[in-house]
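Please examine the sequence and the structure before reading on.

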Amino acid sequence: MSNTAKRVTVPAIRAMKSRQRIGMLTAYDYPSAKAVDTAGADIILVGDSLGMVVLGYPDTLSVTVDDMIHHTRAVARGVNHALIVGDMPYLSYHVSIEETVQNAGRFIQAGAHTVKIEGGKPSRIKTIEALIDAEIPVMGHIGLTPQSVNALGGFKVQGKGSDEARRLIEEAIALAAAGCFSLVLECVPTALAAFITERLSIPTIGIGAGPACDGQVLVFHDVLGLYDGMKPKFVRRYAELGEEMQKALTVFLDDIRAGRFPDETTESFHSGTREDLDRLYGSGGVVVPIK
Ligand code: KIV
């Protein structure tokens with residue numbers, strides 16, 4: 001699909017529920033956003049996963065609102081078609097509702113159309129209602145919420161036992177009732193994701209949540225083989241661009257050292273001859289500048 005179709009909207013994403021599978025990818029800068037948009041993504045998430053795949057942190061907890069705004073602006077410049085979701089980072093929606101609305105407003109002013117926040121406990125529901133009241137559409141995110149990595153004890157599948165499954169079902173229902181336009185389910189068992197998907201009137205978007213979700217999302221660098229920090233079971237690599245990049249850069253540096261780059265004819269500019277320059281400036285040895 002090309003990206004010549006008109007802009008994807010929040011109501012359009014809602015309307016895709018059970019009709020058309022939603023394709024979502026992350027992007028973090030102008031070229032990645034342009035590539036994902038041109039490929040036909042419905043939603044582009046400026047994910048706080050950029051902390052790991054772009055900024056080199058071990059998790060997402062060090063990412064700031066300023067980091068996210070910088071990357072959201074770059075993504076917005078590369079997108080004509082997809083709905084842009086800005087991922088609110090750790091501590092940007094945890095302190096107060098006022099601060100949350102202001103931080104979310106910065107994402108919208110940077111070019112995002114909606115924001116995503118993690119978690120579904122009662123305090124989060126109030127925050128989401130305040131954002132929606134401020135005309136900011138919200139995508140929810142439950143299951144493995146990476147900003148809770150310390151509380152969860154690692155990047156682990158969530159919702160395995162019956163208590164956990166019940167808690168996630170209740171959170172999903174509460175998030176939909178609060179007005180979220182869609183919900184990311186990360187690392188939850190397939191049957192639970194299918195059950196939640198059937199129960200909700202909003203689309204679910206899975207990452208490690210099996211095939212029954214209304215849509216799927218993966219991280220740009222994982223799909224293209226550009227990140228080797230960790231490879232979760234749910235990732236499918238469609239290319240090994242990291243290896244290709246390494247090969248190309250090594251050959252380039254070899255070419256410089258062997259004198260094969262640049263080529264005299266095709267990669268260089270010409271005006272006049274060596275004799276012209278000798279006539280202009282003399283043909284002596286090295287000229288030492290006088291201080
Ligand atoms: O930050 C991110 O990339 C995400 C997706 C994996 C859902 O939250």
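The model discussed here is predicted. The cysteine sulfur closest to that of cysteine 213 belongs to cysteine 187, and at 11 Å it is too far away for a bond. Cysteine 213 counts as buried, because its relative accessibility is 3%.

A disulfide is a covalent bond between the sulfur atoms of two cysteines. To be counted as one, a pair of cysteine sulfur atoms must lie within 2.5 Å. By this rule, the number of disulfides is zero.

## Strand S7 and its faces

Strand S7 covers residues 204-207. Thr204 and Gly206 point one way from this strand, whereas Ile205 and Ile207 point the other way. All of these residues are buried.

## Partners of strand S7

Which strands pair with S7? One of them is S6, residues 182-186, which pairs with S7 in the parallel sense over four bridges. Within this pairing, glutamate 186 stands opposite isoleucine 207 of S7. From S6 the chain passes through helix H9, residues 190-199, to reach S7, and this β-α-β crossover is right-handed.

Strand S8, residues 215-218, also pairs with S7 in the parallel sense, over two bridges. Here glycine 215 in S8 is the bridge partner of isoleucine 205.

Notes
Residues numbered from 1 in each chain as written. Predicted model: local features only at pLDDT ≥ 70, side-chain atom pairs only at ≥ 80, totals over all residues. Heavy atoms only, no water. Buried < 20%, exposed > 50% of the residue type's maximum accessible area, 1.4 Å probe, protein only. Pairing = 2+ DSSP bridges. Right-handed = clockwise from strand over helix to strand, strands pointing away.
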